[in-house]
Each structure stands twice: as structure tokens, then as C-alpha cells.
Amino acid sequence: MTYLAKPKLHHPELPVNALGFTRRDYEGTISTLCAGCGHDSISAAIIQACWELAIQPHRVAKLSGIGCSSKTPTYFLDKSHGFNSVHGRMPSVLTGANLANRDLIYLGVSGDGDSASIGLGQFAHSMRRGVNMTYIVENNGVYGLTKGQFSATADRGSKSKRGALNTDEGIDLAILALQLGASFVARSFSGDKAQLVPLIKGALNHPGAAFLDVISPCVAFNNHEGSTRSYDYVRHHNEAVNFLDVITGKEELTAQYGPGSVQEVRSHDGSLLRLRKISEDYDSSSRIAAMSYVQSRYAHGEIVTGLLYVEPEAGDLHESLGTTARPLNELGEKELCPGQAALEKFNAGLR
Amino acid sequence: MKPTDIGAPEYFHKVVDCQWACPAHTPVPEYIRLIAQGRYSDAYMVNWESNVFPGILGRTCDRPCEPACRRGRVEENQGEKPEPVAICRLKRVAADYKDDIRARLPRPAAKKNGKRVACVGAGPASLTVARDLAPLGYHVTVFDADPRAGGMIRTQIPRFRLPESVIDEEVGYILDLGVDFRPNHRVESLKDLLGQGYDAVFVGSGAPRGRDLELPGRAEAARHVHVGIEWLASVSFGHVTQVGRRVIVLGGGNTAMDCCRTARRLGGEDVKVIVRSGFEEMKASPWEKEDAMHEGIPILNFLVPLAFTHEDGRLTGMRFQKVKAVRDGRGRRSLVPTGEPDPHFECDEVLVAVGQENAFPWIERDAGLDFDEHGMPVLDAVTLQSTAPGVFFGGDAALGPKNIIWAVAHGHEAAISIDRYCHGEDVSVRPPPLTTLVSQKMGIHEWIYDNQIVPDARNRVPLKELTIALKDLRQEVELGFDPELAWKEAQRCLNCDVQTVFAPRLCIECDACVDICPMDCITFTADGEEAEVRARLSAPARDLSQDLYVGAGLATGRIMAKDEDVCLHCGLCAERCPTGAWDMKKFYLEMAHAGPGCRAGAAPREERAGAPA
């Protein structure tokens, strides 16, 4: 970790966004993770995405569980709401918060231990319920805080720093999310911000359950020969299927692309996802095709990255429950306590 | 782009903006750190080795280092008014609080080497030559027309800016090296001097002639019109002790500022400075203008002097023409009359400080060296050798009026030339500077230098109360920083000599340095042409005077490009680097000084091409 505070001085020409904030205004305190941790790059990508979208920091709730990844919300958006929950329980706390106040932007940050082991059930249910959130898993394939044991996402056959082979099958959280009904599923790499930042922007704008599996090398315990989560391995086996541009309503559409190489997805808030295809035959509007493609490439040792699947007209949990459109903290006493007669009527409906 | 060659001494030297801008290349951040540690004597010695007159320069330097200071750039658009570190005034702190350092100075040579060098004039250039050569065993004779050594330092700088005791001390250190000083001895003939068998002659006679203003009434009012530098010298030697009640000072340079402030102290109640051109175009340093105005002296601009008015041989005032600045089609600026009536300002005395000229009436035109059409000696700008091989020039006498720190820089270079010349070596072969580059890493997150960046604005130097200051010509106005304030100001220094050094073969391209850098200096990107690369960095690198540090040989084939412009040298890139690909290394550069090391085996001159003369 670093003992110094990051100096407040910034580049004299640092640009400001529509709210008049610089990117530096979206930072948190200095990271206490190991030097070179991929998670710090993801934090920087979240900062960049929130700055580019001109999100008001106080309209964001960032929630996490336990682990290296779950420490990171301290390192970005220090003017936002934060909740560091119990191990693996971020999805439940987030779901509760979301039901109470649907107006905030929910960002859940978790790791492979937090989401694929102790919190696997929590992860599954938040996806299948369609909680409107951005769920980022910072996936390094090891338990870094306990010195580098294989996590549940480590590939079978990969080698630990001490040379042990992993004999258990790895969980692919992106495949799980696809299967469980998440309406925005992407995979990226902490070492490729050009790909990662637009994916985070797209996920934050997405009106349903958005899941992002970000491979994030653990420099201390999983960046060696034989690892499948090292900087070198991921760079050599990264198969990006597309490149995303997120265009919010006001911007002009000026870029020109060849026919057939671009897929445009407009969501109901007016923002546009423009997918520049790298793999010609990849179609990110089909859940089944996505699952099959990712798994077939995995069988060839490739890691598929990019926007794997998006359902632009996604709904969310509020829609299926028919909850009030207003946050609970905006309701008055009369609405929250409608009186004896209303209670009687409600009870009668249960008899 | 071509990967940066950090082995070339100029590369990291340029990053230390202050040291690069200093004509003598004083290692500024090094002595500022020593001041912060309370090691004033050590700080003084770092200065003394390089610029010879720390106490004098700490009060009077033109400070080319300060406009160059990186602090001024990094504070832009951050709320506070951007200002450089008060480098010059910190130098004074080293001089004010040092212990007795005489034991650390060179001793007079135990054995003379039999070579004799004559220096004409006892100003900063000649004294520097004497300082460098006397300890090597040279017999150095310094001639001066004045009774005491120091040259313009003593005659032209008023005592309220520079106490005599400081001059005596620092000039004394040099004369005590066994220098043969001949006061009250004006050299009247170069031929005569050359005939006395000196092995080399150094001309450091300054720019001794103040320009006069030949206007109607000048002759009639002669008794009350004086040339600035001559008048200042007369005040310095006590020949002039008072001035009229109403004084006009003509001219906008630092001499004019010294004249008006001196006049204020000699009884001038209504003192004003009048300049032809605009206030902004004045040659005086901004802080000298501020000091004058602080003492109640107005500066009137856009007034061209027309005539001295007089009555019965007494000056009554001056008439001016009002002008304005107009730009022509090609952007050239000229002053044209506004057509308003010519204003008249009453006064009792006029001080003319409109520039200085070189004068060599004592150098016969057949003495064996060439002069150019402006009456200046023809010189090699680096070696300072004239067309007569044994005659060297330095200071204002060499390339026209500059300042003390340039005179010192010339003195060092001329001393090297003289030393090589006297040993039968080619003077055009110049010794390279001595450089070292040493890692500052102490522990995982500990550095030998203090890398915390303070947000403080520049600290002001406390001044003596005006009513007291104006009563006495010898009362020093600036009180100087006390140790506490000096420490605070020293904290503003960014330690630009502690360099970010990049080892591409260790880099795993994890982006940790890019993410942590507070100034967005670092980018990993595809290679390209410099102009195009500069435009697509994390923050565009628009300041072309600042280099891009390029590292190549990365696994992905990209380059690392670091814009040196606004780097805080905070070391966070190195702290967050998991592989030690970044390290913070202290770059120390000391210019070569005359002596045996600068003779046999010295590197050829081409190797230091690019370093400013």
C-alpha cells in the first residue's frame, strides 16, 4: 500500500464534464491494494465511466461484500453512498436498497470469492430477479487476501504460484448470468480500458440486471507462468468480439462504419449502444448463441470479451413486483400508514 | 519515436528546469532540500561551488530560474495564483544561517604553478576566474580603478538591497585565496598589460558607461541631471549624500528602480519613474517594480522625453510627449503621438537610467584582437577567447550587459579556457559536466527524499517597516525568510532532480502508474511521429519545450510516453509499480571547474551539444 495521499494538484488542462467536475472529482482515497493490482485499473475505469456519463456522485450507491475487490469502492466515488456488507451478501443488501429507493444508480462490486463461492446463491437470485444494477466481478481466480488459493473461477488445469494444479472445474460467471436471465452481460480485462470503460458506461445506463465479469490479474499470487489469469496469458488469449461505443442522447452521430460491421442498439432512455463488430458472425442479441460461442471458444483456450449479450428493452424487479414509482423516503406518513381501514382490507385479501 | 537516451547529460538536466535555466547551472533542488533539513552550511557550499556569491545573489539575482520553475506551471488553473518557488530568497537563507564555513573553502595554493594571469576589473566575472585559478597555483592579479573589490556589485547595487558586510565577506573569501588585488589601479592600455609577460589576460571590465540623453536643455541643466549608474556609484562611495525634493528617473530597467529607491532615501519626497513605452514592456524585473511602487514611487508610462526645462542655469522640469502603442500590419509595434498637449513635470533633479554601454577606450585597436561593428570584441561564445589567443573576456564586457549570474558563468568557462590555454591544450575541447544518477528507494514505500506535495502558495519575504526603511540608505529592506518560513517555502519545491526512470524490460503494462499519476503524465500507446503522439496522450502535451520521455521494448509493442512538463516528481508511479520498472533516481549535475580533470582525456565538445552556453 501507499502511505501518501494522492496530491490534489491535477493537470492544468484537465477537462470538466457537463456538471463541471474533473475526473479527479470522482476519485476516492488512495488504494491500499498491492501495487499493480488489476482492481485498481477497474476502479480507474469506473471513475472514467462515471465522469464521462456526468453522473452526479450523490446519486450512486456502491455496495460490496468482502475481499480485495470489495475494498475497492473506497477508492472511487467518495461522494457517493457506500455499503460494505457481509461476505457474499452484497446482492441482498443491494436488492433491499433498490426496492426502497429506485432512483439511485446501483453499483455492486464483488470478487470471484465473494460471488462464485460464499455468495453464489445471492448472485444467482439477484440476476434472475432482474435487479436494476451494475454487478461487476473483479475476477482474478485466486483468494488474494488469504495468500493465493484457487478460487471457484480458476480454470481446471491452471497452475498456482507454488506449482499445484487446479483439479476442480471453474465457474464461468458470465455463462451463469446469461443462463439466469441477466439482460446485459459482458466480459472484459482490467488491462484494456479502451474496451472496459464503454462497457461500464453501457452497464450503468442499462435498465435491468447488468453483469460484467472483468478479468483482473492478481500481481501478488496469480501472474505467473501456468496461470490463466496473468497479464500475459489474458493478452495472448483475449478474443474481443466487438467494441462498444455508448452514445448518450445529445451527442451527434458522426462516426462512419462499413455496412454490416456495426450493430446499433437503442434503449428506451434514448441512449445508443453502438457495437463495432470484430468477429463478423457474432450476434450479441441472442442469449443462446452467446452462451454457445463463449463456451466453444473456451474449449479452444480463448477468452471471449466484449458485450456478450444485451436486451435493450429489459425490465426489472420493480416492474414485476408493481412497486410504487416513488422512493420510499419520498412518501408521506399518509401513504406509508394508510390507516386501520386499509389494513383491514389488505388482511381480508389474504384470508 | 526514438527511445529517450537518459545517458545523455542534457536529458535529465533539462527536466530540472531551474538548473537548466541558471547560467551557472546551480543544483537548485539539492540545496533547497539541504535548507529544509536545516543544513544551511551544506546548502551554502553547494551554491558557493557553483555561483560563488550566494549571499549576494540571494538578494540581487535576476533569477532566471524562477520563471522556469515547474511549480509555476503545475499550479496553473488550480485556484491559487500560480507562482514559482522563491528560489532566490531561499539561497539567501543558506547564506544568512550558515556557520563559519571558512574551513571548507579552498586554501591558497601551497605551491605556485608559475603561470601569471591578469584580470581587468574586480567584478563578479574576474573574481570567479580568480576563485577558480588561484587555488590551482596560478598567480592571479586583479586590477580595479575603485578602492575596493566587487565591481558593479559594490558600486551599482544600493546598500538597502545588499549590505556592504555581505559583499566584504564573499569578495573576501576570494581575495583570501592568495589573489594579488591592485586597487585604485585603472588599466589604461592593453598593449602595456600584454607587455608585462602575463600568460593570459582576462577582461572583466563590465559595461561601465551609462547612456546619456542628449535633449535640449541638457547642457544648461547639467548640474542637476545625472547618469544613473555614475550617480549610484557616487552614492555608494559617499560622494553624494542628498538629492532634490522632486526627482524624475528616466528609464525602465533595474538601474532605474535602484535610482528611484535610492533617491527616496536621500531626501527625495516626490520621486517618479517615467518610461517611454508601456509598463508591461519595462525591462525591470516585476519584483523590482513592485518594490519601487511599494515605496510610494509612481511609474508613468507612454511618455517620450522631449526637453529639460531650466531657468538661470537651474533645472525646472522636463517636457514629454504623450504616445500610444500601435501595431502595423506585420504586428510590429511602434509608438505614435496621441496629439494631446505635451505634459510638463516639474522637478529639481533628473536621473538618466536608459541603458548601459560597453566601452574599451583602453584597448588599442592595434592590440591584436578584433572588434565587431558594434565595438564589441569578437569572441567564441563558449570559450570566451578573443581573436588574440591569450586574451579572454567575461561578464558584461564579453557579450553585452547581462547580470551577475551570467558573469559568474562566464568566469567559470573562461577559467577552464585559460587553464587549458596555459597548458598548451586546445581551448575548444570542453569538459563535460559531472553527473550522477542514484536510486532514492529506501524501503517498499520509503524514499530518501520527501515526496509529499504541499498545496501551499508562495510565501512572502517579510519587509522592514517602510517608515524605518526609507530613513536610512543602509537599512536593508528585506528581512529574509526566518528558518521556519524557509522550511515552509522549501516544501513547495517539487524535487525535479529526483527523476522518474523507466526500465521497459521490467514493465508488465498493468497501468498502475497511469492510474495513480495525479498529473496524467504517463501513457502507454502505439508508436508514431512525435507531433501526433503528443496529441493523443492521457493529457495532450502542448509545451514543446518540455520533452517526452519515451520507453520502448514492451511486450505489447506499444511505447511508454511520459510528458515531463507537469510531473510532480511525487514518485507515486514508482510506489505503485509492482515490478520496479519505475524508480526515482536523483540526478546530480555539477559543471566542470578548471583544473587537472579538465585537461588531458576530457571529452570532445560535441558531446555536450544542446546544453546552453
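Modeller: Two residues are said to be in contact when they have heavy atoms within 4.5 Å. The model is a predicted one, and the account below begins with helix α8 of chain B, residues 87–97.

In general, two packed helices are described by the angle between their axes and the distance between the axes. For α8(B) and helix α3 (residues 28–36) of chain B, the axes lie 10 Å apart and the angle is about 50°. That angle makes α3(B) oblique to α8(B). The crossing of α3(B) past α8(B) is left-handed. On the α3(B) side, the contact is formed by Val28(B), Tyr31(B), Ile32(B) and Ile35(B); on the α8(B) side, by Ile87(B), Leu90(B), Lys91(B), Val93(B) and Ala94(B). Sorted by class, these residues comprise eight nonpolar, no polar and one charged.

Helix α8(B) also packs with helix α19 (residues 483–490) of chain B, where the axes come within 10 Å and cross at roughly 145°. Here too α8(B) passes its partner, α19(B), in a left-handed crossing. From α8(B), the residues involved are Leu90(B), Val93(B) and Tyr97(B), and they meet Pro483(B), Ala486(B), Glu489(B) and Ala490(B) of α19(B). This contact has six nonpolar, no polar and one charged residues. As background, an α-helix has 3.6 residues a turn, so residues three or four places apart point the same way.

Ile175(A), Ala177(A), Leu178(A) and Gln179(A) of α6(A) meet Arg287(A), Ala290(A), Met291(A), Val294(A) and Gln295(A) of α9(A). By class, six nonpolar, two polar and one charged residues take part.

Between α6 (173–180) and β7 (184–189) of chain A runs a loop that holds Ser183(A). Ser183(A) counts as buried because its relative accessibility is 4%. Among the residues that Ser183(A) touches, leaving aside those up to four places away in sequence, is Arg287(A), which also belongs to the contact of α6(A) with α9(A). Other residues touched by Ser183(A) include His206(A), Tyr309(A) and Glu311(A).

Returning to chain B, helix α13 (residues 228–236) is largely enclosed by the rest of the structure, because seven of its nine residues are buried. Those buried residues are Gly228(B), Ile229(B), Trp231(B), Leu232(B), Ala233(B), Val235(B) and Ser236(B). Their cover includes the helices α10 (152–155) and α14 (254–265) of chain B, and also strands of that chain, among them β6 (225–227) and β14 (349–352). After α13(B) comes Gly238(B), with a positive phi near 85°.

Finally, the cysteines: over all chains, the structure holds zero disulfides. For Cys37(A), the nearest cysteine sulfur is that of Cys68(A), 6.4 Å away. Cys37(A) counts as buried, at 10% relative accessibility. The sulfur of Cys521(B) is 3.9 Å from its closest cysteine sulfur, in Cys517(B), which is too far for a bond. Cys521(B) is buried as well, with a relative accessible area of 4%.

Note on methods: Residues are numbered from 1 along each chain as its sequence is written. Chains are lettered from A and ligands numbered from 1 in the order in which they are written. This is a predicted model: local features need pLDDT of at least 70, side-chain atom pairs count only at pLDDT 80 or more; totals for chains, interfaces and linings use all residues. Side-chain values use heavy atoms; hydrogens and water are left out. Axes are lines fitted to C-alpha atoms, for helices over the stretch in contact, and angles run from 0 to 180 degrees between N-to-C directions. Helices (H or I, at least four residues) and strands (E, at least two) are DSSP runs, numbered from the N terminus. Angles under 35 degrees count as roughly parallel, over 145 as roughly antiparallel, 65 to 115 as roughly perpendicular and the rest as oblique. A crossing is left-handed if the near helix is turned anticlockwise from the far one by less than a right angle, and right-handed if clockwise. Ala, Val, Leu, Ile, Met, Phe, Trp, Tyr, Cys and Pro count as nonpolar, Asp, Glu, Lys and Arg as charged, and the others, Gly among them, as polar. Buried means under 20% relative accessible area, exposed over 50%, partly exposed in between (1.4 Å probe, protein chains only). A disulfide is a pair of cysteine sulfur atoms within 2.5 Å.
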